[in-house]
Amino acid sequence: METKPSEISSSKMFGGYNKRYKHFSPTLGCSMTFHIYFPPSTSPSHRFPVLYWLSGLTCTDENFIIKSGAQRVASSEGVALITPDTSPRGLSIEGEAESWDFGVGAGFYLNATQEKWKNWRMYDYVVKELPKLLNENFPQLDTSRASISGHSMGGHGALTIYLKNLDKYKSVSAFAPIVNPTNCPWGQKAFSNYLGGNKTDWEEYDATCLIKKFTDVSATILIDQGGDDKFLHDQLLPHKFEEACKSAKVPLLLRLQPGYDHSYFFISTFIDDHIRHHAQALNQP
């Protein structure tokens with residue numbers, strides 16, 4: 001099994017390159033793909049800080065790269081973009097593709113504890129395996145300077161991963177994140193299947209619960225939320241996270257953007273602010 005990544009596509013964009021790679025993941029027990037956007041290089045010895053982007057339900061590693069337009073500012077700010085997939089694939093677990101909000105394309109960036117879903121270890125893949133893989137195979141990346149962002153399920157992933165690993169990431173941001181999954185249908189469905197019935201275990205992957213424990217946040221948390229997002233009031237619940245940040249005295253900039261929905265039209269409108277937010281944190285000495 002080839003654990004070393006092999007390049008499967010390359011396209012020039014804003015002076016840099018979108019490159020897609022495939023590798024076998026020991027963590028997940030299957031082949032995985034991921035994208036890297038390499039900004040244009042100024043010198044052979046220059047190393048780029050990295051921004052991980054975690055995508056939402058039903059997405060692959062391609063959606064953000066194709067739709068967001070993030071490369072324009074990533075190119076000028078000199079930040080490499082890393083986009084993993086959203087779940088293991090090709091394992092043929094019974095029921096893995098029966099619904100769009102669970103199983104394939106719906107890894108929820110956790111480590112499943114239930115035997116049937118034991119390969120669903122996207123938390124370890126994103127936090128441990130992928131940075132190590134990048135560090136060993138791409139000398140032009142400086143993985144010690146990393147930030148993390150994401151959308152919807154991926155916004156949940158970015159926030160929870162950041163809060164539990166404040167030493168590993170310089171900043172976090174999110175678009176329409178699922179911030180309180182223990183209290184919404186998407187989260188309850190995923191957590192009961194992946195983690196079992198003990199709700200204390202669920203809280204380990206709930207940003208609104210975690211913010212009470214991990215308050216030593218160095219950079220302001222940036223969240224953009226569309227005002228016309230059809231998932232706003234029953235699935236996303238940003239006010240719950242806002243209240244938790246307030247009581248924990250954690251700096252949060254939550255921007256409600258009137259008229260915007262849950263789509264990449266919304267993401268591409270405000271992505272430049274997010275890239276700059278991370279570039280500022282990544283480039284601090």
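**View 1. The side chains of Gln71 and Asn18 are joined by a polar contact of 3.1 Å.** A polar contact here is a pair of N or O atoms within 3.5 Å, of which, within protein, one must be able to donate a hydrogen and the other to accept it, and residues adjacent in sequence count only if both atoms are side-chain atoms. The model is predicted, so that local features need pLDDT of at least 70 and side-chain atom pairs count only at pLDDT 80 or more, while totals for chains, interfaces and linings use all residues. Residues are numbered from 1 along each chain as its sequence is written, and side-chain values use heavy atoms, with hydrogens and water left out. Gln71 belongs to helix α2 (residues 71-77), where helices (H or I, at least four residues) and strands (E, at least two) are DSSP runs numbered from the N terminus.

**View 2. Helix α10 (residues 264-282) bends by about 50 degrees at Phe270.** This bend is the angle between axes fitted to the seven residues ending at a residue and the seven starting there. Among the buried residues of α10 are Phe270, His274 and Leu282, buried meaning under 20% relative accessible area (1.4 Å probe, protein chains only).

**View 3. Nine strands form an open sheet of mixed pairing, in the order β1-β2-β3-β5-β4-β6-β7-β8-β9.** Its edge strands, β1 (6-13) and β9 (252-257), each pair on one side only, and two strands pair if DSSP finds at least two bridges between them. Strands β1 and β2 (residues 16-25) run antiparallel and are joined by seven bridges.

How values were computed: Buried means under 20% relative accessible area, exposed over 50%, partly exposed in between (1.4 Å probe, protein chains only).
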